[in-house]
Amino acid sequence: MRETAMFPLSSVLMPYMPLPLRIFESRYLVMLGNLLDEEDPHFGVVLIERGPEAGGGEQRFSTGTLARVSRVAAREEDLQLVAIGGGRFEVEEWLDDAPYPRAIVRELPMPEWNDGLTPLRDRAERTVRRLLSVAAEFAELSWDADIELADDPAHACWQLAGIAPLGTLDHLALLRCSSLAQLLTDLIARCEDAEPLLTAPAPDRAFQSELEDLLDDGDAGGESPPKPPSGPGDGSA
């Protein structure tokens, strides 16, 4: 176990993924100044469970990723930092947040790769890249569907989890996987569950607008809102 400077965020850092940060809060400027005095500066990244990202007082999940400082650039009003995700950990104890968040952490073993996982990894890569292509039609994404992955197959597994356009709690669940087989299987399942939600037809906005108008009229008059009109036979609108 070791004492580690901590940086709670509203996103999950996966091993072997880059983490760009804009440092402007005084507590993290102090933290970074102390880290840069070390030979190999690292800090821990955990997902915020609730509360704001800036200002302190947030509640945090206990599983996180160590981040190694790769590059720092000073600007007029802040510092730009790039770190790279490394090993995973569990928080054993949170320490006083003064002068910046710190915790006693227990590092988790990194699961090993075996070549028998190659077909599963290939399937996961196809699934993630397909979901990225679909999601790009609806939103601006951080990662392109044709992004290159690490040559090391174990590193690439974590990178696939990191670039997958999923929710933060999905990413947290993936980070907690104890084997690469579990990681790849869970990643495929979560991506396949997400794809129909992206491709589902848009709701009938005309009907929704009419319904909202009816509800508004009912609220304005102080009476119960009227029910939507029913069609003949089966009661459907």
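**Exercise 1.** Find the buried residues of α2 and what they pack against.

*Solution.* Start with the list: R121, A124, E125, T127, V128, R129, L131, L132, V134 and A135 are the buried ones in α2. Buried means under 20% relative accessible area with a 1.4 Å probe, protein chains only. Next, look at the partners: these buried residues pack against α3 and α5 (180–199), with contact meaning heavy atoms within 4.5 Å.

Before going on, note that this is a predicted model, where local features need pLDDT of at least 70, side-chain atom pairs count only at pLDDT 80 or more, and totals for chains, interfaces and linings use all residues. Residues are numbered from 1 along each chain as its sequence is written, and side-chain values use heavy atoms, leaving out hydrogens and water.

**Exercise 2.** Check the span of helix α2 (residues 118–135).

*Solution.* The expected span is 1.5 Å times one less than the number of residues. For the 18 residues of α2 that gives 26 Å, and the end C-alpha atoms are 26 Å apart, so the two agree.

**Exercise 3.** Describe the lining of the largest pocket.

*Solution.* First, count: 23 residues line the largest pocket, and S11, V12, S142, W143 and G162 lie nearest its centre. Then take the elements: β2 (18–23), α3 (153–163) and α4 (168–175) each supply at least two lining residues. Helices (H or I, at least four residues) and strands (E, at least two) are DSSP runs, numbered from the N terminus.

How values were computed. 1 Å grid on protein atoms, 1.4 Å probe; cavity = no way out; pocket = protein on both sides within 12 Å on 5 of 7 lines; lining within 4 Å. Buried < 20%, exposed > 50% of the residue type's maximum accessible area, 1.4 Å probe, protein only.
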